[in-house]
Amino acid sequence: MSDVRRVSTGAPWEEQFGYSRAVELPNGLVLVSGCTSIVDGQIAGGGPYEQAVNSFDVALAALRQLGLGRDDVVRTRMYLTHARDVEEVGRAHKELFDSVRPAASMIIVSGFVDPSLVVEVEVEAFRGVTA
């Protein structure tokens, strides 16, 4: 798959666990790995709303490295550790993606690598094929 483009953000877990932040396939589909609110080794937001916004910002920054943006997003997944956070995370999603309306899932999980994290997001985008 030599036509696959890979983006790294330099996050320590990318190197430690052997993954890319984003991968663009030749058909224009871009997959962004799970993103959290950890920026420069620190959690950049306290509550679920702030963590969701920061997590999506990390994902959108990876898309920008490939020349894509919010309007190219076709699917989001939001992983939460508590059902009580659905409204706050949903509010962040609506503020960011209301005009785009990607397919979306919100899933309750038991936890993340760092127990201070309450949200992780994944994003998929599509680059239209040009003739």
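## Basis

The model is predicted: local features need pLDDT of at least 70, side-chain atom pairs count only at pLDDT 80 or more, and totals for chains, interfaces and linings use all residues. Residues are numbered from 1 along each chain as its sequence is written, and side-chain values use heavy atoms, without hydrogens and water.

Helices (H or I, at least four residues) and strands (E, at least two) are DSSP runs, numbered from the N terminus. Strand β6 spans residues 73-80, and six of its eight residues are buried. Buried means under 20% relative accessible area, with a 1.4 Å probe and protein chains only.

Two strands pair if DSSP finds at least two bridges between them. β6 pairs with β8 (residues 119-126) in the antiparallel sense, over seven bridges. β6 runs parallel to β7 (residues 103-108), with six bridges. M78 faces both partners: V121 in β8 and M106 in β7.

## S55 in helix α2

S55 lies in helix α2 (residues 48-65). S55 counts as buried because its relative accessibility is 0%. Leaving out residues up to four places away in sequence, S55 touches C35, T36, S37, V119 and V121. Contact means heavy atoms within 4.5 Å.

## The nonpolar core

A nonpolar core is a set of buried Ala, Val, Leu, Ile, Met, Phe, Trp, Tyr and Cys residues joined through side-chain atoms within 4.5 Å. The largest one has 28 residues, and V30, V32 and L63 have the most contacts inside it. β3 (29-35), α2, β6, α3 and β8 each supply at least two residues of this core. α2 gives the most, with eight.

Beyond its neighbours within four places in sequence, L63 contacts V30, V32, L68, G69, V73, V123 and A125.

Methods
Buried < 20%, exposed > 50% of the residue type's maximum accessible area, 1.4 Å probe, protein only.
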